[in-house]
Amino acid sequence: MKRRSLPVAAALAASAALLLTACGGGDDKSSDNDKIAGADQGSKTPEQSTEPSGAPAADKPDGVDLSLPKDMNLVFDWDKPKDKNEAAAMDDAANYIRAIYRGVDKRTTQDASLAAYATGDGLKYARTQIDARLEGDWTSTGTRRHYQATTRSASNGNSVEVAFCVDSSKFYSKDVKTGKALKGTPSISDFDYFKIIMIKYPTGNEMWQASKVFVEAKASKCQ
């Protein structure tokens, strides 16, 4: 669904080029579980969803290209809340995740999608995740599932916490040069619990950006 259009130049101007120390995750398969340094550490198995990983070619949210390769499948298996702001914030939290993996695929931290959907610490986190894969000459392949989502609004109506589980047991790092996926035995390391603080874009209509990211690694409640 195309909700509104955001000038890419305006989004770029609003974003600072900041970096955060990369933090890896997973076991010997070098899984693509996303972590954040200093994040809080600490159910139901997700059901199959058919929602595509990137925005359809004819339906780019906010006019921003979020397309991903067919072998990089991000599944968002959740129901939207009734509250309009929370539903929009949830949509853009998913777009933020897509933007991270678009950066991984395109081998850059400067993609317009990041400027559109991330700011502050959310931008730091995204660039950290991309940089870690650039340094290791990895991209990603497989299916990364997002489920059991909840939303919570701040009293001022300008901030929404979007929390959800992630299952990366079928999502792998892939060597860019050889194309080989790095697989291993599934484990608790494949499950994470995310909390993303989404804030309203100051000059955009219904535009939300990830401003902070917290990750609970090895989240047993997500199994």
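Leaving out residues up to four places away in sequence, Ser113 touches Val64, Asp65, Leu66, Ala99 and Arg102, where contact means heavy atoms within 4.5 Å. The structure is a predicted model, in which local features need pLDDT of at least 70, side-chain atom pairs count only at pLDDT 80 or more, and totals for chains, interfaces and linings use all residues. Residues are numbered from 1 along each chain as its sequence is written, and side-chain values use heavy atoms, with hydrogens and water left out.

Ser113 lies in helix H3; helices (H or I, at least four residues) and strands (E, at least two) are DSSP runs, numbered from the N terminus. Ser113 counts as buried because its relative accessibility is 0%, and buried means under 20% relative accessible area, with exposed over 50% and partly exposed in between (1.4 Å probe, protein chains only).

Two other helices form a packed pair. Two packed helices are described by the angle between their axes and the distance between the axes. For helix H2 (residues 84-106) and helix H4 (residues 120-135), the angle is about 30° and the axes are 9 Å apart. Such axes are lines fitted to C-alpha atoms, for helices over the stretch in contact, and angles run from 0 to 180 degrees between N-to-C directions. On the H2 side, Tyr96, Ile100, Tyr101, Gly103 and Val104 meet Gly122, Tyr125, Ala126, Gln129, Ile130 and Arg133 of H4.

In soluble globular proteins, nonpolar side chains tend to be buried together. A nonpolar core is a set of buried Ala, Val, Leu, Ile, Met, Phe, Trp, Tyr and Cys residues joined through side-chain atoms within 4.5 Å. The largest such core has 41 residues, and Tyr96, Tyr101, Phe164 and Ile196 have the most contacts inside it. H2 gives the most to this core, with 11 residues. Beyond its neighbours within four places in sequence, Tyr96 is in contact with residues including Tyr117, Ala118, Ile196, Ala210 and Val213. A second, separate core of seven residues includes Tyr147, Ala163, Ala219 and Cys222.

The structure holds one disulfide, which joins Cys165 to Cys222 with an S to S distance of 2.1 Å. Because Cys165 lies in strand S3 and Cys222 in the segment after S6, the pair ties together parts that are 57 residues apart in sequence. The torsion about the S-S bond is about -75°, so the disulfide is left-handed. Cys165 is buried, with a relative accessible area of 2%, and Cys222 is buried at 0%.

Note on methods:
Disulfide = S-S within 2.5 Å.
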